[in-house]
Amino acid sequence: MHEDPEWDVAVIGAGPAGLAAAHAAASGGARVVVLERAEHPRYKTCGGGLLGIALRISAETLDVPARDEINAVTFTHDGRRAFTRRSPGKPVVTMVRRSDFDHAWLRAVVRAGATVRQRCLVRAVSQSERTATVSLADGSDLTAGVVIGADGSAGVSTRHVGVTFDQQDLGLEVELAATPSDRSRWRGRLLLDWGPVPGSYGWLFPKDDQLTVGVIMEKGRGAETRHYLRDLVSRLGLTDREVLRDSGHLTRCRSGTAPLRRGRILVAGDAAGLLEPWTREGISYALRSGTWAGTVAAAGGDLSAYDRMVTDGLAPEMAAGQRLLGLFGRHPALVHAAFASPFGWRAFTGFCRGELPMTRVLGHRAMRAAVGMLGGRPADAGPATG
């Protein structure tokens with residue numbers, strides 16, 4: 001005689017992927033528990049820029065705690081050749097602090113009927129034919145029909161499923177206290193700087209009384225990444241601002257053949273290596289994959305439907321982003337100049353607003369010709385890894 005699991009769905013991690021999964025599963029009638037090692041609201045290293053897709057998904061569930069709405073972008077190439085483009089109307093990017101954003105999602109999850117256990121550290125996961133077991137640091141276990149891992153790319157669920165990665169990058173950022181003149185100067189405008197190392201870039205994101213300045217570069221260049229961040233802060237005239245936080249994190253992008261599930265255990269968001277390879281944007285990928293995982297888990301049927309959703313809905317975008325990353329790494333000056341053109345600016349704003357997927361950008365006749373001429377892979381060359 002088999003004993004029924006305590007929970008229909010157990011979610012490990014209370015970031016965007018885990019909370020979107022919990023909300024979808026609880027809304028579908030499942031008994032859901034969320035296991036979070038920290039306590040909300042908690043800080044998370046993240047630029048905090050919501051693209052249109054992430055904003056729309058979130059706005060359906062909660063009041064998005066926006067700190068600024070961006071309609072202007074200043075582009076620089078390693079601190080030079082600055083130009084600013086503006087786009088009226090709905091925001092190009094919406095800025096949030098992750099502590100606010102994640103906490104708003106957590107409250108929505110509780111309203112949907114899920115149970116949240118904070119300061120709850122997961123040590124291991126295992127499974128049988130009918131149930132999955134989550135082993136906790138206090139020595140106790142809980143069982144669920146399905147476990148959704150959203151505990152980051154170094155988490156226990158990622159290791160259990162066997163996710164592999166073919167791109168790893170180091171992101172560093174500082175949160176600075178903004179002066180009144182900073183707030184006036186940067187309100188409604190962000191900065192993107194194409195960095196000194198191929199594929200690297202930096203940013204300044206305004207968040208009301210704070211500025212987030214960060215850089216990202218391929219893993220293994222720690223000294224160069226730190227130097228780039230210091231140089232960017234100095235160039236922006238912000239070296240004397242109070243540093244509220246100084247942090248870093250690794251982003252890992254899955255290989256094209258990496259599994260998304262092992263038996264009753266699914267992975268979503270960073271735990272699955274789901275992010276856009278060029279910009280390294282992950283919130284929209286976390287919300288989409290988490291929602292799909294929670295929906296499939298609550299249905300209690302064929303869990304392989306989740307694999308198909310990710311393969312159809314996210315993998316083509318990731319492949320396109322990887323092709324564009326390659327193009328950017330080889331020709332950053334040309335990419336910088338492209339954003340000054342009407343086509344480049346429309347493509348940028350369309351992507352940010354969720355109106356123009358990267359696959360369509362690469363499918364444009366002029367873009368296809370440019371990619372081919374500059375040595376990038378054409379859009380119809382088949383799926384790239386990632």
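These legends go with close-up views of a predicted model.

The model is predicted, so local features need pLDDT of at least 70 and side-chain atom pairs count only at pLDDT 80 or more, while totals for chains, interfaces and linings use all residues. Residues are numbered from 1 along each chain as its sequence is written, and side-chain values use heavy atoms, with hydrogens and water left out.

**View A. Helices H1 and H3 pack against each other.** H1 covers residues 16-27 and H3 covers residues 98-111; helices here are DSSP runs of H or I with at least four residues, strands are E runs of at least two, and both are numbered from the N terminus. Their axes sit 9 Å apart, at an angle of about 15 degrees. (Axes are lines fitted to C-alpha atoms, for helices over the stretch in contact, and angles run from 0 to 180 degrees between N-to-C directions.) That makes H1 roughly parallel to H3, a label for angles under 35 degrees. On the H1 side, the contact is made by Pro16, Leu19, Ala20, Ala22 and His23. H3 brings Arg98, Phe101, Asp102, Trp105, Leu106, Ala108 and Val109. Contact, by the way, means heavy atoms within 4.5 Å. Sort these residues and you get nine nonpolar, one polar and two charged. (Ala, Val, Leu, Ile, Met, Phe, Trp, Tyr, Cys and Pro count as nonpolar, Asp, Glu, Lys and Arg as charged, and the others, Gly among them, as polar.)

**View B. Ser87 is buried in a loop.** Look for Ser87 between strand E6 (80-86) and strand E7 (93-95). Its relative accessible area is 10%; buried means under 20%, exposed over 50% and partly exposed in between, using a 1.4 Å probe and protein chains only. Its side chain makes a polar contact with the side chain of Arg353, at 3.0 Å. (That's a pair of N or O atoms within 3.5 Å; within protein, one must be able to donate a hydrogen and the other to accept it, and residues adjacent in sequence count only if both atoms are side-chain atoms.) Leaving aside neighbours within four places in sequence, Ser87 also touches Asn71, Val92, Trp345 and Thr349.

**View C. A cis peptide bond joins His40 and Pro41.** Omega is about -5 degrees here. Pro41 lies in the loop between strand E2 (32-36) and strand E3 (49-50).

**View D. Arg81 and Asp208 have positive phi without being glycines.** Arg81, in strand E6, has phi near 55 degrees and is exposed at 55% relative accessible area. For Asp208, phi is about 65 degrees. Asp208 sits in the loop between strand E14 (201-207) and strand E15 (210-218) and is partly exposed, at 33%.

Methods:
Angles under 35 degrees count as roughly parallel, over 145 as roughly antiparallel, 65 to 115 as roughly perpendicular and the rest as oblique.
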